Amino acid sequence: MNKSSVYLRYIEVKDAELVLEWENNEENWAVSQNDSPYSIYDILVLIGELQNVSKAKQARWMICLSENDKAIGNVDLTEIDFNKMEATIGILIACKEYRRKGFASKAIKLIESKAVALNLKKLHCSVHKDNIGSCNLFIKNKFMKIGEKLELEFKGGAYIDILLLEKWLKK
């Protein structure tokens, strides 16, 4: 049997401090929507809200190594629209030593199965155009470029172009 090197599990209260560390790492802010630190209270409230996906319109999973259960990042579905059957996908391999090893691609395949189980038909994402690794990750996983938003965000004293990608899911 071919066992995956990673698995997904729902984020739990025990993950709050780790998620807080990842969310407040300013290196990650450059490629995210975040521009100010969170408190532990913010993270705990988020975890509580995630207990009801239909109400929260989002779901978040920890990406864990199968060999030792170590959490190395997270993947989420946000802006879930059950009427349109679509959501926004986001992914972070927070531990740098685990980047560029195929774990993100495996997590995307796993999250696609979770999305299908939620009866979603389409995933989309917005990626900073200069984040070549992330752009390549989604394109490699058969997300199609559907457009660009030029100079949409202002970060670090410069305007950033955003690449818009989407993928239709198969049941």
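Analyst: The side chain of Glu-86 makes a polar contact with the side chain of Lys-122 at 3.3 Å (a pair of N or O atoms within 3.5 Å; within protein, one must be able to donate a hydrogen and the other to accept it, and residues adjacent in sequence count only if both atoms are side-chain atoms). The model is predicted, so local features need pLDDT of at least 70 and side-chain atom pairs count only at pLDDT 80 or more, while totals for chains, interfaces and linings use all residues. Residues are numbered from 1 along each chain as its sequence is written, and side-chain values use heavy atoms, with hydrogens and water left out.

Glu-86 is found in strand E4 (residues 86-93); strands (E, at least two residues) and helices (H or I, at least four) are DSSP runs numbered from the N terminus. With 14% relative accessibility, Glu-86 counts as buried, a term that means under 20% relative accessible area, with exposed over 50% and partly exposed in between (1.4 Å probe, protein chains only). Apart from neighbours within four places in sequence, Glu-86 is in contact with Glu-79, Ile-80, Asp-81, Leu-120, Lys-122 and His-124, where contact means heavy atoms within 4.5 Å.

The pairing of Lys-122 with Glu-86 is also a salt bridge, the closest N and O atoms being 3.3 Å apart; the term requires a side-chain nitrogen of Lys or Arg within 4 Å of a carboxyl oxygen of Asp or Glu. Lys-122 lies in strand E5 and Glu-86 in strand E4, so this pair ties together parts that are 36 residues apart in sequence. Lys-122 counts as buried at 15% relative accessibility.

Lys-122 has a further partner: a salt bridge joins Lys-122 to Glu-166, with the closest N and O atoms 3.5 Å apart. That pair links distant parts of the chain, Lys-122 in strand E5 and Glu-166 in strand E7, 44 residues apart. Glu-166 counts as buried too, at 16% relative accessibility.

Strand E7 also takes part in another such pair. Glu-112 forms a salt bridge with Lys-167, the closest N and O atoms being 2.8 Å apart. Glu-112 lies in helix H5 and Lys-167 in strand E7, so the pair ties together parts that are 55 residues apart in sequence. Glu-112 is buried, with a relative accessible area of 13%, and Lys-167 counts as buried at 15%. The structure holds 10 salt bridges.

Of its 33 residues, Ile-63, Ile-72, Leu-77, Ile-89, Leu-123, Phe-138 and Phe-143 touch the most other members. The largest share, six residues, comes from H5. Not counting residues up to four places away in sequence, Leu-77 touches a set that includes Ile-89, Ile-111, Leu-120 and Leu-123.

Notes: Core = buried A, V, L, I, M, F, W, Y, C linked by side-chain atoms within 4.5 Å.
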